Structure formats: structure tokens, C-alpha cells
Amino acid sequence: MNSKALRWTGLGIAAIGVIFAVVLASRFGTNPGLVDSPLLGEPAPQFNLSPLEGGEPVALDSLQGDVVVLNFFASWCPECRAEHDDLVSTANAFEDQGVTFIQVAYQESPPASLDYLVTAGRAESTLYLADPGSRTAIAYGVFGIPETYFIDETGTVVGKIIGETDALTLGATIDAIKRGEDPGQKVTGSTQQSPDG
Amino acid sequence: MSNTNRLFAVAIAVMAVALVFLMSTFESDTDRVEQLGQAIKCPVCQGESIGDSPAQMARDMMALVSQRVDEGASDQEIVDELLASYSGAVLLDPPASGSTLLLWLAPAVVLVVGVGVILWWRRNPTEATQPEVKEEKPRKLAPILFLAGSLAAIVVVAGFFVQDRDGPNTGAAAIDTDNLEEVSNETMEAVIAANADHPEVSGMRLALAERYFEVGDFSSAFPHYLEVAQSPDASDPQAVTALVRLGWMAWEGNREVDAAVGLFDEALAIDDTSATALFLKGQVLWCSATDLDEAASLFGRVLEDPTLESDTRSVVESDLDALNAGAACT
């Protein structure tokens, strides 16, 4: 092989190697659970879930006109426990302000979630719902908990918080939605994938 | 063998072949569920399919896939439904589009380049194997370039790996009292309630109370001023402001002279130069006609403050003139 051909072959292989490495590295560096939710800007998946205590199911479309804060939680999730007081205080503060808080138990039996809520406390206006078969969690693309979705007055998903959140983040997100802004996705911490960690 | 028998044998053979063909192409619903289960990634697992993972989420997704198959949904419909929730992250095989397209194209590109090099080599065997002494320097360039390219690739890969692989992490928002303009009263109430024991919450309490005070909502402002006034974590200026506001609300709301004066005195015990405490105490004593001399003295002390803003100074001077002239307070 003459030197010119050898040089160009080497250059070509090196160039392909660099491009390949950049693309692969960019993909490896991305936690699939942190990709922007494809639901952002889309109509929120409908659900019809019963309260943890049982009783009349709650349909999402019955809440159209309200800002809905949809949080997936479980008692086995430390981050969920850490953010619980902030969810309660924010739900209380926005009570009667056209904001509905919904907390959906994830991968946990209703009795276990109810036991937890007895000690952790609950906001009077928040709807605590069961999700048999994780159908709603799957519909919302939940990778781990806590995850919190924000649905605007028109029923569109406009925000998502991955990880532990707090009252200021929750409230500021609601404020932004009420101003007509789309808060988008925010990562505030780690999540738990299953009761086993 | 008679013609009839021959025809019969041929028919049997054709039927057997057709049966074998049909059996090979027939796909039961169970097979479809299993195949889909192998193609869909368990979102809570590390590189496992929902068909292989023992995780509850994987089992729930398998049950959903099975249900959708029973309902007559096509494979593509089922995959599309999951893509709508999870995006491409739910597929074990990366999609042949966007940045992952390279993964699919790379083997073909390498194959074509490799075949091209071999073909070229075979056509020019002498040239390819003969050493070329004349161009020694350029020949050395290729491995150097290759090495540089590889090093660059390693650096780029390492750069990506040392980054936070969990992506951007904004962290839990701290209590920020410097930028509260866009924060609603409800948000501030929520933050305060969730951080009632936090030593820095007094700033937000005071900011919220001031909002209520400015619009005349004394009943909402009162509990927050009271908390700040009683909090050991409140700074002196914060405590003075809270006490002064409480004193003024006691006077404005209920005409409680003793309570108001007592609160102003508490503020002055912390900062005896507080112009607001001195002025408002003077106002209450004047307006209630409790002690006009003390009122005049307090106004005089306010005017001793060289840092007093001119607008405030003219108001105090005007009030002092009216008081000395025996006029009623306005």
C-alpha cells in the first residue's frame, strides 16, 4: 500500500473512531430515566383510580380546569418520605386555588400506603389513589419514584419533577403554570426504582 | 402405482408441506407476548427485558402487553403506546434513527471499507507490499494520525464519563428570600409551613407578612409577624420590623393604645434608634391624646437621625408642627 493511501486510510479510520466514540459516549452518559418525558406538551393520559380506602374512583378528566399535581410515591421510598411534608404543606396552601394534588401509590398495597399516611400525615384536599397493575404509572412513563407531573387547566402535561422536591419548587412550578408558562422537566434528585432499591 | 394413487400421494404430500408451512408461520398470542416481552426494556431494571426481569414493574408491563394482545392490538400499536410514555428508552434495541443510527450503520460502513481495502490490496499486490523508501516520512504519518484520533476518542469518552451521569441536578431549592417577586403568597405559605423550624424561615415570613400588610390584610399578616417577633432565630432588624408592625396593627385595628405602645417599646428595647418605632409610638400617643409631650419628644428624636430620608423628614416635621400647634392628629 502506498503511503498516500495508507495515510488516508489511517485518517478515515481515526475519524470514524472519533465520531463513533462521541456518539456512543453521549448515549452512555444519559440515564434513560432522565430523558425528557415525551408526554410534555401532550394531553395527559387519562385514568380512573380508586382512593386507597376504596370508594368512588377519581377520573382525571373530572378535574379539567384545575392545575393537577400528580405525584407517584411509596412508603418504601426514602425520597418520597423526605418530600412528604412539603407536598402536604403545598397542597394545603393551594387549597381552594384551583389546584388539585393527587398522590398515587406506586408498587405498594393500599393498606401499606394507608399505614404510612397515618404516621406521615395527609393534606385534607389531596387525593390518595391506588394504581393496581401500575397502569397509570406505565401510562405516565414512570422510571422510579418520586416523580411528580404537572397538568395544566387544559389537561396538558406541562411539567415533571424527577426526584425529591420541596414546597418552593412545587409552589413556584404551580405559579409558573398559572402564569401560562410551561415549566418543563426538572431533576432534583435521585429516585427509587423498586422496593428492593 | 395407479394414477389415482399417485394423485392421492401427491395431494397428501402437498397438504403435508402446506401444514408444515402453516405451522412454521403461525404465531400464537403467547408467542407474540413473549417476543414483545423480549423487545421491551424493563424501565426500572439495568438492561433487562420485561420478559426476563422479575421486577414487579416488568410483570405489570407484561400483563399490560398480554392484555393489549388479547384485545387485538398489533405489535406496533403496543410498542407505540409504550413509546408515547417512555420514548425510545423502553426499547432494548435502539431505534435506527437519530444518534443511534450510527450503531446500525457502523458495521456496514466498516464492512464496506474493509472490503474496499482488501480489493484494492489484491489489485495492487506489488505496490501494496513493496516498501517505499522515498516517502518514509509520510508513511509514518498514518499511524501517528491514527494514534491521535484514538487518543482524542479516549479523551472524549472519558470526558463524558466523568460528567454527572445522572444528568442535570438542580438540587432541592433552598429558602431563597432574595428573589421572591414571582413567588405567590400560596407558595410562600407552603414553604413556611414546610420549614417552620428552619432558622432562615423568618425572612420569608416577614416578606409574606409585609405583602399582606401592604394590602391591608392584617389577619393574614398578624400570625407571621407574631412568629417573627417571637422567633429566637430572627435578626434584630427583622424582630424590630415585626414588633413595629404588630404595634401599628394593634392601634389601627383595635385602637389598643397600651398594647401598641408596649410593642413599640419592645422594638425600641432592641433598637432605640428605630425611626419607625419612635415615629409610630409618637403617632399613637398623639392620636390617642395619651401623652402629647412624649409624642413631641419622640418626633424630635426621629428628626435627630441624620440618615432620615427627606420625604420622611418633612412628614415628621409637619406632624411635629401640628402637634405643637395643638392640632389633632390626621
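Author: Domain bounds come from an automatic or database domain assignment. In chain B that assignment gives domain 1 (3-90) and domain 2 (185-324), and their C-alpha centres lie 75 Å apart. A word on the source: this is a predicted model, where local features need pLDDT of at least 70, side-chain atom pairs count only at pLDDT 80 or more, and totals for chains, interfaces and linings use all residues. Residues are numbered from 1 along each chain as its sequence is written, while chains are lettered from A and ligands numbered from 1 in the order in which they are written.

Reader: How many helices and strands are there in chain B?

Author: Helices (H or I, at least four residues) and strands (E, at least two) are DSSP runs, numbered from the N terminus. Chain B has 15 helices and zero strands.

Reader: Then let's do strands in chain A. In what order do the six strands of the open sheet come?

Author: Two strands pair if DSSP finds at least two bridges between them. Here the order is 5-4-3-6-7-8, with mixed pairing. Strand 5 (127-129) and strand 8 (184-187) of chain A each have a single partner strand, so one side of each has no neighbour in the sheet.

Reader: Which strands does strand 6 of chain A pair with?

Author: Strand 3 (residues 67-73) of chain A runs antiparallel to strand 6 of chain A, with five bridges; A:Leu70 has A:Tyr149 as its bridge partner there. Strand 7 (residues 157-162) of chain A is also antiparallel to strand 6 of chain A, again over five bridges, and A:Phe150 stands opposite A:Gly159.

Reader: Which way do the residues of strand 6 of chain A point?

Author: In a regular strand the side chains alternate between the two faces of the sheet. From strand 6 of chain A, A:Glu147, A:Tyr149 and A:Ile151 point one way, and A:Thr148 and A:Phe150 the other. Five of the five residues of this strand (147-151) are buried (20 or more other C-beta atoms within 10 Å of their own; exposed is 12 or fewer, partly exposed in between; C-beta atoms are placed from the backbone).

Reader: And which residues touch the most other members of the largest nonpolar core?

Author: In soluble globular proteins, nonpolar side chains tend to be buried together. A nonpolar core is a set of buried Ala, Val, Leu, Ile, Met, Phe, Trp, Tyr and Cys residues joined through C-beta atoms within 7 Å. This one holds 110 residues, and A:Val69, A:Tyr106, B:Met61 and B:Leu243 touch the most other members. Helix 11 (residues 236-254) of chain B gives the most to the core, with 10 residues.
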